[in-house]
Amino acid sequence: MSNEPGCVFFALFAHTISLFCRKIFVGGISWDTKKEGLKAYFEKFGAVKDAIVMTDPITEKPRGFGFVTFEDPSMVDSVCEQEHILDSKKIDPKAATARPAPMATNSRVKKVFIGGIAQGTQSEDLKQYFSQYGNVTEVDMKHDKGTNRMRGTVTGMRS
């Protein structure tokens with residue numbers, strides 16, 4: 001893969017799309033359903049990479065829905081076409097979709113996160129590269145202590 005900032009962004013975008021092609025939303029789950037039970041149920045249909053039962057952040061009680069991520073994206077359609085009962089309750093799996101990003105007050109202003117910036121890349125390099133997409137008004141680069149790599153944001157106005 002090239003070290004150009006656009007390639008890094010595209011790789012992150014493609015990875016996100018790939019995850020959503022393999023993920024289902026599971027609505028109507030029982031308050032008694034746990035992560036392990038949700039995962040075990042859907043493993044009947046194919047290898048499960050991850051399962052999560054959503055809980056209220058304050059009370060930590062289940063919210064009645066969760067998500068399952070399959071290893072194979074082809075499992076999503078076949079699972080969603082069937083009826084399912086888990087813990088004596090009919091559940092409703094659907095292909096997951098990404099939440100739409102909140103609209104900015106000025107929709108012409110866009111901010112893009114750039115992760116895994118190559119060593120030696122300068123703010124001016126990002127500004128020059130992203131200027132082909134519009135007027136870049138700000139480049140903010142920071143060192144990510146966890147990965148020991150640079151990350152940042154590019155803010156600009158659409159042309």
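Trainee: In this predicted model, which strands does α2 lie across, and at about what angle does α2 run to β2?

Mentor: Helix α2 spans residues 35-42 and has the highest mean pLDDT among the elements of the protein, at 97. This helix lies across β1 (23-27), β2, β3 (62-70), β4 and β5, and its direction relative to β2 is about 140°.

Trainee: Which strands stand at the edges of the open sheet?

Mentor: The open sheet has 5 strands in the order β2-β3-β1-β5-β4, with antiparallel pairing. Each edge strand has a single partner strand, so one side of each is left without a neighbour in the sheet, and the strands in question are β2 (48-55) and β4 (84-86).

Trainee: Over how many bridges do β4 and β5 pair, and which residue in β5 stands opposite H84?

Mentor: Strand β4 pairs with strand β5 (residues 89-95) in the antiparallel sense, and the pairing extends over 3 bridges. Within β5, the residue that H84 stands opposite is I91.

Trainee: Why are the buried residues of α4 on the same side of the helix?

Mentor: In helix α4 (residues 123-130) the buried residues are L126, Y129 and F130. They are on the same side of α4 because they cover, around the axis, an arc of only 85°.

Trainee: Which exposed residues does the face of α4 turned away from its buried side carry?

Mentor: The buried side of α4 is the one to set aside here, its buried residues being L126, Y129 and F130. The face turned away from that side carries exposed residues, namely E124 and Q128.

How values were computed: Residues are numbered from 1 along each chain as its sequence is written. This is a predicted model: local features need pLDDT of at least 70, side-chain atom pairs count only at pLDDT 80 or more; totals for chains, interfaces and linings use all residues. Side-chain values use heavy atoms; hydrogens and water are left out. pLDDT is the predictor's confidence in each residue, from 0 to 100. Helices (H or I, at least four residues) and strands (E, at least two) are DSSP runs, numbered from the N terminus. Buried means under 20% relative accessible area, exposed over 50%, partly exposed in between (1.4 Å probe, protein chains only). The arc is that of the directions from the helix axis to the C-beta atoms. Two strands pair if DSSP finds at least two bridges between them. Contact means heavy atoms within 4.5 Å. Axes are lines fitted to C-alpha atoms, for helices over the stretch in contact, and angles run from 0 to 180 degrees between N-to-C directions.
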